[in-house]
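Please read these notes with the model open beside you.

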Amino acid sequence: MSDSGTAGLDGVYRAEFGRAVATVARLTGDIELAEDAVQEAFATALRTWPRDGVPARPGAWITTTARNRALDRLRREAARSDKERDAVRFDPEPAPADPDTGFSDDRLVMIFTCCHPALAEPARVALTLRFVCGLRTAEIARMFLQPEATVAQRITRAKAKIRQARIPLRVPPARLLPERAPTVLAVVYLLFTEGYFATAGPSAVRDELCDEAIRVGRLLCELLPDAERAVRSESHALLALMLLTDSRRAQRRTGDGELVPLAEQDRNRWDRVAIRAGLNHLVRAAADGNGPYLAQARIAAAHATAPDWAATDWPAIVAAYDDLLALAPSPVARVNRAIAVGLRDGPEAGLLALDAVAGDQRLAGGQLVTAARADLYRRAGRRTDAAREYRAAIAAAGNDPARRYLRRRLAETEVAEGPEFVSGELPRR
């Protein structure tokens with residue numbers, strides 16, 4: 001297959017792998033078997049599509065081929081005759097609604113399975129990235145700066161745990177939703193941020209992951225209408241946060257993949273439908289409680305409702321960061337708060353706030369602090385200091401778009417003052 005053909009298949013893999021595994025796993029009751037069957041289906045596609053052409057519905061082709069591979073294997077394993085009978089009853093239409101919840105969605109089922117409390121948190125994250133986001137093991141390893149063998153072993157053990165503990169592939173009954181929902185919400189946000197910031201794989205925003213996270217977020221809001229207020233609030237707050245952030249997705253990069261700071265984006269081209277929907281969910285979330293996603297959604301709303309960069313309500317953003325840090329303290333949030341303080345009170349105030357968090361070892365080796373300090377120095381007129389920090393940030397940047405962005409800022413600092421750095425708009429790795 002040509003390079004362009006291989007790239008096309010890679011796109012299908014990223015978009016359809018998780019969906020195909022979820023469907024075949026639902027049919028067979030075995031995630032490991034489903035994964036193997038889908039892998040074989042893609043191997044078959046690599047051999048046959050160059051000769052026969054790409055199917056009109058490549059995702060359906062992959063799922064059907066994987067179903068057949070799984071069925072063939074079950075037929076060869078007499079000890080698994082019960083599962084063979086289950087597989088024979090394959091129905092290409094979605095599974096019927098669960099009588100306990102009224103919902104059936106293969107991807108949602110997979111998320112709840114990957115987030116089962118019997119699994120350790122690192123395993124939940126790895127399984128979700130693998131079977132919901134469709135990331136390869138090597139990509140997950142790069143994302144978390146871990147050896148590929150370590151991540152592969154973690155995934156293998158988690159799949160074995162699901163099989164040995166007989167963890168059901170289903171959305172849990174209503175009485176268990178409140179205790180299971182927070183972990184699932186965290187994983188859905190992980191799915192969205194992986195797509196929006198594209199920390200693994202191609203540098204471009206992975207639209208399919210953002211779309212899938214928002215779709216599942218909507219399902220969760222429908223699934224949790226009678227949950228306790230805090231859970232209901234955070235489900236709507238997360239959806240609000242994703243919609244408001246996603247409203248500027250198309251403006252976040254140029255056509256050739258270069259990062260566009262928030263200050264330079266054309267707000268007339270932001271998705272107003274997504275903004276209105278996000279604000280509606282924000283109102284519903286605020287009526288039911290207060291949590292970390294609500295605080296973050298308020299920050300996103302302050303950007304989405306400002307007519308231009310100069311009119312941004314930085315006092316409201318700093319207040320939202322204060323709430324976020326009281327609910328869920330993190331060094332990244334503290335850095336972003338320092339940036340917001342610098343935009344509210346001036347760069348010297350921002351530098352003082354940044355100094356208070358810069359020594360956190362969890363930020364060591366990354367670009368976030370150095371890039372933030374560089375911009376604050378530049379806006380304070382300390383161009384020599386700014387250039388030094390930009391160079392350090394370039395050395396620590398984790399991908400090419402971030403490096404190019406920082407090099408542009410360095411060049412602007414060396415020649416003339418450039419646009420302002422924007423909290424949260426640099427790739428996270």
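The numbered points below take up the salt bridges one by one.

1. This is a predicted model, in which local features need pLDDT of at least 70 and side-chain atom pairs count only at pLDDT 80 or more, while totals for chains, interfaces and linings use all residues. Residues are numbered from 1 along each chain as its sequence is written, and side-chain values use heavy atoms, with hydrogens and water left out.

2. How many salt bridges does the structure hold? The count is 34, a salt bridge being a side-chain nitrogen of Lys or Arg within 4 Å of a carboxyl oxygen of Asp or Glu.

3. One of them pairs Asp 288 with Arg 229, at 3.7 Å from N to O. Because Asp 288 belongs to helix H12 (residues 272-288) and Arg 229 to helix H11 (residues 229-246), the contact ties together parts 59 residues apart in sequence. Helices here are DSSP runs of H or I with at least four residues, numbered from the N terminus. Asp 288 is buried at 16% relative accessible area, whereas Arg 229 is partly exposed at 48%. Buried means under 20%, exposed over 50%, and partly exposed in between, with a 1.4 Å probe and protein chains only.

4. Glu 258 and Arg 408 form another salt bridge, their closest N and O atoms 2.8 Å apart. Glu 258 lies in the loop between H11 and H12 and Arg 408 in helix H19 (residues 400-415), so this pair links parts 150 residues apart in sequence. Glu 258 is buried, at 15%; Arg 408 is partly exposed, at 27%.

5. Arg 382, partly exposed at 33%, forms a salt bridge with Asp 385 at 3.1 Å between the closest N and O atoms.

Notes
Helices (H or I, at least four residues) and strands (E, at least two) are DSSP runs, numbered from the N terminus.
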